[in-house]
Amino acid sequence: MILDTIKKRRAVFPVQYNDKPIHKEVVEQLLEAANWAPTHRKTEPWRFKVLMGESKDKLGVFLSKKYQEVEDRPKQVKVKKLQENPRRSAVVIAICMQRDPKESLPEWEELAATAMAVQNMWLCCADMGIGCYWSSPGLIKYMDEFFDLKDGEKCLGFFYMGHYDEEIPDGIRGPISEKVEWMD
Ligand SMILES: Cc1cc2nc3c(=O)[nH]c(=O)nc-3n(C[C@H](O)[C@H](O)[C@H](O)COP(=O)(O)O)c2cc1C
């Protein structure tokens, strides 16, 4: 039942990942799942940059350097974490959104469609026992200095992925009854 996978899906962080690789074929399946997200006016705004191998290290170096450059008082723990997170991950996928040049719909709808594409990948990872999470540091506004972003393309964060060994605790949510108004 898909509800079981939805409830089992968790944010699993790079510090929890082991060294087991994730093969390109698996990443291709995740991207295929992403590509089936709903999309208003069929703009299919999700764009992804897949970082495997050395490009992950380069991302880590870029993020930690940029953080030190823009922060008045950079914290060493954060410098280290920014550098290490991509290296600890088997794969990093940069999550990007391509705004429809005709602006045929509001931007929020394209952000929503991209987020649904990410949820598709996240659920597939949960199903396959792969750990992952969406990281959205403030530094994403500088990603045009690292990626060749097209006109109207924005980076919305990073999808860090890796296998893990430890037990992941159950998720926590407040009751849905507090978030719903039933109407006759
Ligand atoms: C759009 C988005 C951005 C997120 N950005 C971050 C982030 O920058 N750092 C982080 O630790 N978690 C981030 N998360 C993951 C959440 O922390 C995580 O989903 C939340 O703690 C609930 O845990 P669960 O997903 O395991 O149920 C993000 C999630 C979403 C949907």
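In which helix does Glu-109 lie? Glu-109 belongs to helix H5, which spans residues 107-128. The model described here is predicted. Its sheet is open and has 4 strands in the order S1-S2-S4-S3, with antiparallel pairing. The briefing below takes the sheet, the helix packing and a set of individual residues in turn.

**The sheet**

- The edge strands of the sheet are S1 and S3 (131-135), each of which pairs on one side only.
- From one strand to the next, the twist averages 25°.
- Strand S1, residues 46-51, pairs with S2 in the antiparallel sense, and 6 bridges connect the two.
- Within this pairing, Leu-51 is placed opposite Val-92 of S2, and Val-50 is placed opposite Ile-93 of S2.
- S2 also pairs with strand S4, residues 153-162, again in the antiparallel sense, over 8 bridges.
- Cys-96 has Cys-155 of S4 as its bridge partner.

**Burial of strand S2**

- Strand S2 covers residues 91-98 and is mostly covered, with 8 of its 8 residues buried.
- In a regular strand, side chains alternate between the two faces of the sheet.
- In S2, one direction is taken by Val-91, Ile-93, Ile-95 and Met-97, and the other by Val-92, Ala-94, Cys-96 and Gln-98; all of these residues are buried.

**Packing of H2**

- Two packed helices are described by the angle between their axes and the distance between the axes.
- For helix H2 (residues 24-34) and H5, the axes come within 7 Å and cross at roughly 135°.
- H2 is therefore oblique to H5.
- The crossing of these two helices, H2 and H5, is right-handed.
- On the H2 side the contact is made by Val-26, Gln-29, Leu-30, Leu-31, Ala-33 and Ala-34, and on the H5 side by Ala-117, Asn-120, Met-121, Cys-124, Cys-125 and Met-128.
- H2 also lies across S1, S2 and S4, and runs at about 170° to S1.

**Packing of H3 and H4**

- The axes of helix H3 (residues 54-70) and helix H4 (residues 76-88) come within 6 Å, crossing at roughly 160°.
- Because of this angle, H3 is roughly antiparallel to H4.
- The crossing in which H3 passes H4 is right-handed.
- H3 contributes Lys-56, Asp-57, Leu-59, Gly-60, Val-61, Leu-63, Ser-64, Tyr-67 and Gln-68 to the contact, while H4 contributes Gln-76, Lys-78, Val-79, Leu-82, Gln-83, Pro-86 and Arg-87.

- Glu-109 counts as buried because its relative accessible area is 18%, which is under the 20% limit.
- The side chain of Glu-109 forms a polar contact with the side chain of His-40, at 2.5 Å.
- Glu-109 and Leu-51 are 58 residues apart along the chain, and their C-alpha atoms are separated by 26 Å.
- Glu-110 also lies in helix H5, and with 0% relative accessibility Glu-110 is buried.
- Leaving aside residues up to four places away in sequence, Glu-110 touches Thr-43, Pro-45, Met-97, Gln-98, Arg-99, Asp-100 and Leu-105.

**Val-70 in H3**

- Val-70 is located in helix H3.
- A relative accessible area of 34% makes Val-70 partly exposed.
- Apart from residues up to four places away in sequence, Val-70 touches Leu-139 and Tyr-142.
- From Val-70 to Lys-179 the C-alpha to C-alpha distance is 39 Å, and the two are 109 residues apart in sequence.

**The loop between H2 and S1**

- Lys-42 is in the loop between H2 and S1, and Glu-44 lies in the loop between H2 and S1 as well.
- Lys-42 is not a glycine, yet has a positive phi of about 50°.
- Glu-44, although not a glycine, has a positive phi of about 45°.
- Lys-42 counts as exposed because its relative accessibility is 68%, which is over the 50% limit.
- Glu-44 has a relative accessible area of 37% and is therefore partly exposed.

Technical notes. Residues numbered from 1 in each chain as written. Predicted model: local features only at pLDDT ≥ 70, side-chain atom pairs only at ≥ 80, totals over all residues. Heavy atoms only, no water. Buried < 20%, exposed > 50% of the residue type's maximum accessible area, 1.4 Å probe, protein only. Polar contact = N/O pair within 3.5 Å; in protein donor to acceptor, adjacent residues only side chain to side chain. Contact = heavy atoms within 4.5 Å. Pairing = 2+ DSSP bridges. Axes fitted to C-alpha atoms, helices over the stretch in contact; angles between N-to-C directions. Parallel < 35°, antiparallel > 145°, perpendicular 65-115°, else oblique. Left-handed = near helix turned anticlockwise from the far one by under 90°.
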